[in-house]
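This report goes through one structure, chain by chain and then contact by contact. Have the sequence and the 3D view open while reading.

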Amino acid sequence: MDPVLLLDVLLLILAVLAAVAAMLQRDLLGSVMLMGIYSLLMAVIWANLFAMDVSFTEASVGAGAATVLLLMALTRIGTRERSGGDHSLPALVLVVLTGVVLLYGTSELPRFGDPQAPAQLHIAPHYLAQDIGKVSDSATPPNSPHGEGDFGHHVPNTVTAVLASYRGYDTMFETAVIFSAGMCLLLLLRPIPRRSPETVTIDESGSTSHQKSESVVLRTIGGMLIPYILVFGFYVQMHGEIGPGGGFQAGVLVAAAFILHSLLFGRTATDRWLPRWLVDLAMSLGVLLYAGTGVACMAMGGHFLDYSALDRVHPAEAEALGMTLVEAGVGLTVASVVLTIVRKVQGGTR
Amino acid sequence: MEMISDGLLLLGGFVAFSGALGVLRMPDFYSRLHPAGTADTLAQLLVIGGLVLRHLDSTGDSLLVVGKLIAISVLLMVTTPTATHAISRAAHLSGLAPWTRRSTDLEEQEESP
Amino acid sequence: MNAELLAALLVLGGALLAGIRSVLGPTFYDRVLAVNVFGTKAVMLLAIIGFIGDRSGFLDIAILYGLINFIATVALLRFVESGRYSS
């Protein structure tokens with residue numbers, strides 16, 4: 001039996017078990033942990049299917065950021081699920097019917113991995129060949145292996161090429177959506193009511209007894225780890241053209257480093273390292289960088305987000321440069337928005 | 001080389017499995033710490049060691065992959081004991097009592113609701 | 001059946017056992033411990049699967065998950081220490 005398929009089936013069974021267990025769990029904190037296990041399993045499944053970028057996102061957003069955000073939400077609503085009264089027969093019938101219809105629909109789908117499936121034939125070959133909108137360069141023939149920049153004619157990670165180049169508009173507006181989500185949170189949660197003196201936020205900045213403060217071991221090791229997380233985030237950011245990764249994942253990682261810092265040393269210490277105005281600034285700076293790259297392309301005589309206009313002599317290098325700039329914008333916005341969300345939901349002084 | 005890396009991988013898998021078995025079967029939290037912390041640290045060393053040998057054996061180049069594998073190993077070697085320590089410390093500070101043969105009946109009464 | 005696949009299956013079995021422990025509990029600390037063990041198993045599994053499929057991109061994900069696992073554990077502990085959890 002094919003080892004990849006065998007692992008796939010086992011992992012899928014485990015993922016279904018974890019999802020069912022998370023639903024049946026009455027203790028919401030247990031549910032959060034089981035959801036963490038579930039999204040970790042999904043990350044392994046995506047990786048097993050060679051969907052590296054999806055797996056990366058699932059591991060960083062699903063298992064990391066979502067866990068922290070759900071925990072923040074639990075600090076507001078408590079950890080007990082309201083019991084009883086949520087079993088409705090019509091709802092069950094409806095759900096089962098929908099499931100049957102969906103299962104029936106899958107019988108019409110092409111076989112898994114079928115090379116003749118419409119998705120493989122329509123536009124995917126062009127994406128894989130990366131020949132859409134490419135400026136043909138007369139100086140070097142297109143098939144010379146070392147003619148163009150670092151990457152030859154291709155950006156090795158097709159996902160990044162599609163994300164940042166062919167679907168550049170989509171990604172720009174995705175970044176704008178994330179930005180506006182952050183803006184909405186800033187506007188909605190600006191004046192935070194101190195609910196009551198005994199409200200303890202998750203980082204307990206100097207409010208509870210000294211005995212419960214974090215251990216020296218954890219602080220030392222965690223503090224040592226933070227620079228490495230930042231370096232790894234930077235690697236993921238810059239390596240997006242070659243391996244899995246890119247702005248979205250790197251942004252979450254960088255935010256995670258600062259979240260870890262605030263968990264270990266308290267929020268006031270983090271604010272000293274990373275002032276709030278800097279986070280607010282980075283949020284809008286990211287979108288500005290993305291759109292600014294597009295405008296710069298126009299200023300150099302190309303279309304909006306047509307990176308090859310940045311350097312007519314070396315279009316492939318200009319392409320890589322444009323993608324790097326755009327990804328940096330995405331990373332800045334994502335990191336600062338995640339940090340803003342966590343800080344705002346935590347509540348506290350302002 | 002092939003034999004050694006196979007052996008390391010299988011041994012690592014066995015240690016990982018038996019560690020998890022300990023986490024499942026041990027009677028209380030503090031005794032579960034032992035298989036969780038130590039077995040996982042050993043298992044990842046064996047597995048990553050086997051993979052490094054396998055990689056060096058098959059290709060002989062690409063130091064990036066070996067470097068990443070070693071980075072994973074060092075990362076796990078540092079974080080797993082730290083996390084285990086932090087969990088056990090938190091449990092101890094919260095007043096969770098260790099299991100003894102005498103306290104079994106009492107514990108089960110506490111755990112049931 | 002080669003050694004990599006066998007090791008991957010053993011690690012996956014271990015992950016299943018840890019997952020059962022995280023469902024059973026009984027205390028919060030058992031669950032955090034089980035989730036942490038599960039995360040470590042997943043890192044190993046990702047590294048091994050990368051070699052089965054012969055793709056080194058898996059290792060980036062493994063490193064990422066090692067980091068995220070640690071942060072999630074610290075966040076869970078912090079949450080409970082803040083006194084908002086009553087079992």
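## What buried means, and chain C

A residue is called buried if 20 or more other C-beta atoms lie within 10 Å of its own C-beta atom. By that count, 71% of the 87 residues of chain C are buried. The model is a predicted one.

Chain C contains 3 helices and 0 strands, and its elements, read from the N terminus, follow the order α-α-α. Taking contacts in chain C between residues at least 6 apart in sequence, 50% join residues at least 24 apart.

How many of the 26 residues of α2(C) are buried? The number is 24, and α2(C) is described as mostly covered. The length of α2(C) can be checked as well: 26 residues at 1.5 Å a residue should span 38 Å, and the end C-alpha atoms are 37 Å apart, which agrees. The expected value is 1.5 Å times one less than the number of residues.

In α3(C), 24 of the 25 residues are buried, so this helix is largely enclosed by the rest of the structure. Its 25 residues should span 36 Å at 1.5 Å a residue, and the end C-alpha atoms of α3(C) are 37 Å apart, in agreement.

## Where chain C meets chain B

The contact between these chains takes 40 residues from chain C and 40 residues from chain B. On the side of chain C that touches chain B, α1 (3-24), α2 (28-53) and α3 (57-81) of chain C each supply at least two residues. Which helix gives the most to this side of chain C? It is α2(C), with 14 residues. The residues on this side of chain C divide into 27 nonpolar, 8 polar and 5 charged.

## The α2(B) and α2(C) pair

The axes of α2(C) and helix α2 (residues 29-58) of chain B come within 10 Å and cross at roughly 10 degrees. Angles under 35 degrees count as roughly parallel, so α2(B) is roughly parallel to α2(C). The residues of this helix contact divide into 14 nonpolar, 2 polar and 4 charged.

Residues that α2(B) brings to the contact with α2(C) include Phe29(B), Leu33(B), Ala36(B), Val47(B) and Leu51(B). Among those from α2(C) that meet α2(B) are Tyr29(C), Leu33(C), Val37(C), Met44(C) and Phe51(C). Charged residues also take part, including Arg32(B), Asp40(B) and Arg54(B) from α2(B) and Asp30(C) from α2(C).

## Helix α3 of chain B

Helix α3 (residues 63-93) of chain B has 31 residues, which should span 45 Å at 1.5 Å a residue. The end C-alpha atoms of α3(B) are 45 Å apart, which agrees. After α3(B) comes Gly95(B), with a positive phi near 90 degrees.

Chain A has 13 helices and 0 strands. Of its 350 residues, 38% count as buried. Among contacts in chain A between residues at least 6 apart in sequence, 71% join residues at least 24 apart.

Chain A is divided into domain 1 (1-77) and domain 2 (156-350). In the contact of these domains, 14 residues of domain 1 meet 17 residues of domain 2. The domain 1 side of that contact divides into 9 nonpolar, 4 polar and 1 charged. Chain A is also in contact with chain B, through 5 residues of chain A and 6 residues of chain B. The chain B side of this contact has 3 nonpolar, 2 polar and 1 charged.

## Two phenylalanines in chain A

Where in chain A is Phe50(A)? It lies in the loop between α2 (28-48) and α3 (52-77) of chain A. Most residues other than glycine have a negative phi. Phe50(A) has a positive phi, near 65 degrees. Phe50(A) counts as partly exposed because it has 13 C-beta neighbours inside 10 Å.

Phe173(A) is placed in helix α8 (residues 168-188) of chain A. With 13 C-beta neighbours inside 10 Å, Phe173(A) counts as partly exposed. Phe173(A) and Ala291(A) are 118 residues apart in sequence, and their C-alpha atoms are 9.7 Å apart in space.

Methods
Residues numbered from 1 in each chain as written. Chains lettered and ligands numbered in written order. Predicted model: local features only at pLDDT ≥ 70, side-chain atom pairs only at ≥ 80, totals over all residues. Helix = DSSP H or I, 4+ residues; strand = E, 2+ residues; numbered from the N terminus. Buried ≥ 20, exposed ≤ 12 C-beta atoms within 10 Å, placed from the backbone. Contact = placed C-beta atoms within 7 Å. Axes fitted to C-alpha atoms, helices over the stretch in contact; angles between N-to-C directions. Parallel < 35°, antiparallel > 145°, perpendicular 65-115°, else oblique. Domains from an automatic or database assignment.
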